[in-house]
Amino acid sequence: SVALLVAVIGIVIRSRRLHWETSVGLALILGGASSNLLDRIRFGQVVDFLDVYYRSYHWPTFNLADSAIVVGAGLLLIELLFSK
């Protein structure tokens, strides 16, 4: 968790020089990862509680931290593909 704190501080310091997509993407990834890490420390497992299904199709259960990680990675991918 100390390494995570150092990474967050480093990104905050450098974020003034980054595009907003990169800053927000990294913040979402770090926030989601730290949330999952805290769940793992407190409960011994990550607590997933969002269960989406339609008729017989069932999407794997996930949590908001997982969603933040996916959105953050998407923003980084957009920045990578479309930046000049």
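**Basis.** I worked from a predicted model, in which local features need pLDDT of at least 70 and side-chain atom pairs count only at pLDDT 80 or more, while totals for chains, interfaces and linings use all residues. Residues are numbered from 1 along each chain as its sequence is written, and side-chain values use heavy atoms, with hydrogens and water left out.

**Helix α2.** I looked up α2, residues 20-43, and noted 24 residues. From its first C-alpha to its last, α2 reaches 34 Å, close to the 34 Å expected at 1.5 Å a residue (1.5 Å times one less than the number of residues). Among its buried residues (under 20% relative accessible area, 1.4 Å probe, protein chains only) I listed Leu30, Gly32 and Asn36. Just after α2, glycine 44 takes a positive phi of about 80 degrees.

**α2 against α3.** How do the two helices pack? I found an angle of about 155 degrees between α2 and α3 (residues 64-82), with their axes 7 Å apart. They are therefore roughly antiparallel (an angle over 145 degrees). The contact (heavy atoms within 4.5 Å) includes Gly32 and Asn36 of α2 and Gly72 and Leu76 of α3. I noted that its residues divide into 12 nonpolar, 6 polar and 3 charged; Ala, Val, Leu, Ile, Met, Phe, Trp, Tyr, Cys and Pro count as nonpolar, Asp, Glu, Lys and Arg as charged, and the others, Gly among them, as polar.

**Arginine 55.** Arginine 55 lies in the loop between β1 (53-54) and β2 (57-58). I recorded a positive phi of about 50 degrees, although arginine 55 is not a glycine.

Methods: Helices (H or I, at least four residues) and strands (E, at least two) are DSSP runs, numbered from the N terminus. Buried means under 20% relative accessible area, exposed over 50%, partly exposed in between (1.4 Å probe, protein chains only). Axes are lines fitted to C-alpha atoms, for helices over the stretch in contact, and angles run from 0 to 180 degrees between N-to-C directions. Angles under 35 degrees count as roughly parallel, over 145 as roughly antiparallel, 65 to 115 as roughly perpendicular and the rest as oblique.
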